[in-house]
Amino acid sequence: MTFRYDIGLLRAIAVCFVLLYHYNFPFFEGGYIGVDIFFVISGFLMTKIILTEIKGDRFSYFSFIERRMRRIVPALLGVSVIMLLLLPLLYFDVDLKLNAKYIALSLAFMSNIYYGSLSGDYFSPDVQDNLFLHSWSLAVEWQFYMIYPLALWTLKDRYLHHLKQFRFILIVLTVLSLSLWLGMGSRNSWAFYLMPTRIWEFLIGGLAFLYSQELKVRLKPFLTALTIMSLVLMLVSALFIRANHTWSSTLVVIPVLATAVLLAIDHQLVWFQNSGIQFLGKISYSLYLWHWPFYVLYRKFDFIMQWRYSILIPFFLSFIFAILSFYLFERNKNIIGAKILTISGCVVALLATMLFVIPKHTFWDKIRLINNQYVNYFQQDEHRHLNPCNCYITRSPNYNTYDKEECLKIDVGKENILLIGDSHAAQLSTAFRNALKEDQHLLEMSLSLTFPFLESKGYDKSVQLWKYFYTEFLPKNENKINKVFISVHWLMNTYEEMNYTPKEIKQGLSQMTALFDSYGLQYYFIGQTELYRVPYRQVALKKMFNPVLDEQQFILDEGKQVNEFLKRIIPEQHYIDIYKHGEIEHNSQEMGMSYMFDKHHLSAFGASQVVDYLRRKEYL
């Protein structure tokens with residue numbers, strides 16, 4: 001078989017796109033399409049390998065799986081072992097437990113299904129502390145390996161004797177997967193992570209192989225032009241497709257088809273043979289494995305590397321370890337058999353499970369390189385902070401139960417105070433409960449992925465609860481509620497299911513205030529907080545190591561703009577402006593905690609300060 005330099009080039013392009021995207025290099029916001037390019041390459045190669053072996057009557061499913069295992073598992077085990085060794089040294093219990101789970105899921109090739117079930121999508125900054133987030137693509141690839149050869153084997157008679165029918169079946173399957181992908185746009189994370197919504201990319205690669213001979217003959221005069229055009233389209237896609245385009249955007253079809261065309265026409269330009277390009281293609285898999293964990297670790301500890309070009313540290317480390325991985329594992333892939341690989345994978349998975357089950361231990365405390373006084377700067381017991389009484393829900397298995405009977409229980413012998421909103425209400429829940437007097441009682445509705453409007457839209461479970469609140473609960477109990485506090489992260493308006501326009505927000509707020517006024521309720525909107533470019537706890541750590549650092553450079557203007565927008569709509573007497581409030585301390589080294597634990601959510605320290613302010617100003 002003639003060596004395909006174009007495939008080496010495509011692998012090099014794909015891994016560079018992904019790396020430049022993940023490392024936030026300028027202009028490569030669409031670099032995530034590198035994974036799509038990898039999927040098309042895989043579909044092309046696997047179709048070629050399987051059908052060639054079927055035609056030669058030498059195909060064995062188990063032999064195919066063993067070869068795939070030897071190709072993927074050794075390098076994955078290598079990065080898994082190194083990260084498992086680093087976890088107890090660098091992470092406290094919550095992060096240690098989570099990342100141990102992610103490693104185990106990765107080794108089981110099930111991480112894509114788990115990540116798809118979470119509320120945050122791949123592009124959300126909130127999910128990107130995961131050392132093995134990138135393993136979702138390996139899971140999709142492995143699931144494809146398990147199913148695809150069986151499907152082709154079932155259709156082998158069609159391939160050998162009725163090629164047109166075989167091609168047609170693959171085209172139908174491609175269209176079905178593509179339709180499923182487009183139809184699941186409302187559930188971005190599922191459409192992004194699941195194999196059935198990704199298999200169309202593999203199948204387009206397979207079709208590129210099936211139509212390769214005809215295309216090379218018919219397009220012979222245009223092969224050079226098509227090759228250059230395909231490469232240009234890939235580059236343009238990486239530069240201009242944006243992460244804020246929903247995953248169901250048809251724009252991603254452009255680089256997928258460009259890759260398929262390049263593979264199908266098999267036109268080898270001289271510069272494809274460049275040794276640097278081909279070596280990058282060879283180490284692309286190992287580089288893909290290593291680049292993300294190093295970047296996550298860098299982001300977590302960049303406060304000690306406040307050098308302008310410090311991003312080059314994980315960049316070069318990724319290449320060094322990728323080269324070592326290539327020579328140690330990938331070039332020696334045929335030495336280790338499937339049995340040993342399976343046993344080794346189980347052992348490493350058991351080690352990950354052990355760390356998951358026992359994330360707290362005196363031994364971990366002894367070997368950890370970070371002092372315990374910094375624990376709150378690295379992790380947050382989010383569930384305990386946001387959901388002390390099961391009154392907060394979002395699309396997550398950890399927050400899917402709203403206890404209506406307890407959370408909306410009226411106490412006729414006390415002053416009933418109602419806290420409503422989304423996660424920005426939930427962040428105040430514990431602080432409110434701690435601050436209330438004995439003759440005060442808290443009711444709470446913290447419902448994420450929607451706004452607390454009379455006509456809300458978004459996460460269905462939250463929407464239905466707001467409908468109940470406005471049509472049943474409030475009319476029945478309005479005379480028993482003494483005060484209402486509303487706290488919402490209004491910058492969620494662009495979330496895919498909500499998609500509120502400023503006009504709709506203004507209308508929703510006007511309807512809320514009009515209704516509350518008609519009931520004679522005493523109500524207060526707690527204003528928008530600051531929004532940071534990075535989690536504020538990282539800013540606080542940076543300031544400890546660099547006291548002259550100006551934290552204003554990390555604040556985004558969107559928070560200020562929303563705050564001003566709200567102040568123009570909500571009557572002044574009903575709006576509590578806490579944006580950049582001088583009475584709210586941002587960091588307490590004595591407590592070992594910053595006032596926010598991510599880009600916009602208050603920590604226990606920050607929330608207690610806000611509630612104390614409400615108490616001092618006699619709102620509460």
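Author: Start with how helices are named. Helices are DSSP runs of at least four residues, numbered from the N terminus. By that naming, Glu618 falls in the segment after α27 (604–616). Keep in mind that this is a predicted model.

Reader: What makes Glu618 count as exposed or buried?

Author: The cut-off for exposed is over 50% relative accessible area. Glu618 has 65%, so Glu618 counts as exposed. Its phi is also positive, about 65°, although Glu618 is not a glycine.

Reader: Which label does Asn24 get, and why?

Author: Asn24 has a relative accessible area of 56%. Exposed begins over 50%, so Asn24 is exposed. Asn24 sits in the loop between α1 (5–22) and α2. Its phi is positive too, near 60°, and Asn24 is not a glycine.

Reader: How do you know that the span of helix α2 agrees with its number of residues?

Author: Helix α2 covers residues 33–55, which is 23 residues. At 1.5 Å a residue, it should span 33 Å. Its end C-alpha atoms are 33 Å apart, so the two agree.

Reader: Why is α2 called largely enclosed?

Author: Buried means under 20% relative accessible area. In α2, 20 of the 23 residues are buried, so the rest of the structure largely encloses this helix. After α2 comes Asp57, with a positive phi near 55°.

Reader: What about helix α13: is it mostly covered or mostly open?

Author: Mostly covered, with 10 of its 13 residues buried. Among them are Val253, Pro255, Leu262 and Ile265. The helix, residues 253–265, reaches 18 Å from its first C-alpha to its last, close to the 18 Å expected.

Reader: Why is Val261 called partly exposed?

Author: Val261 lies in helix α13. Val261 is at 31%, so it counts as partly exposed. The C-alpha atom of Val261 is separated by 67 Å from that of Asn482, 221 residues apart along the chain.

Reader: What makes Cys391 and Cys407 a disulfide?

Author: The sulfur atoms must be within 2.5 Å. Those of Cys391 and Cys407 are 2.0 Å apart, S to S. Cys391 is in the loop between α20 (382–386) and β1 (392–393), while Cys407 is in helix α21 (residues 404–407). Both cysteines are buried. The link is left-handed, with -95° about the S-S bond. By this rule the count comes to one disulfide.

Reader: Which residues form a nonpolar patch on the surface?

Author: Ile343, Val347, Leu351, Met354, Val357 and Ile358 form it, with about 530 Å² of accessible area together. A patch residue needs over 30% relative accessible area. Met354, in helix α17 (residues 338–357), is at 37% and counts as partly exposed.

Reader: Where does the "domain: SGNH" label come from?

Author: From an unreviewed UniProt entry, whose annotation covers residues 391–614. Such annotations may be inferred rather than shown by experiment. In the model, that span is 39% helix and 15% strand, and its end C-alpha atoms lie 21 Å apart.

Note on methods: Residues are numbered from 1 along each chain as its sequence is written. This is a predicted model: local features need pLDDT of at least 70, side-chain atom pairs count only at pLDDT 80 or more; totals for chains, interfaces and linings use all residues. Side-chain values use heavy atoms; hydrogens and water are left out. Helices (H or I, at least four residues) and strands (E, at least two) are DSSP runs, numbered from the N terminus. The expected span of a helix is 1.5 Å times one less than its number of residues. Buried means under 20% relative accessible area, exposed over 50%, partly exposed in between (1.4 Å probe, protein chains only). Patches are made of residues with over 30% relative accessible area and no salt bridge: like charges are joined within 9 Å, nonpolar side chains (Val, Leu, Ile, Met, Phe, Trp, Tyr) within 5 Å. Accessible areas come from the Shrake-Rupley method with a 1.4 Å probe; for residues, only the protein chains shown count as cover. A salt bridge is a side-chain nitrogen of Lys or Arg within 4 Å of a carboxyl oxygen of Asp or Glu.
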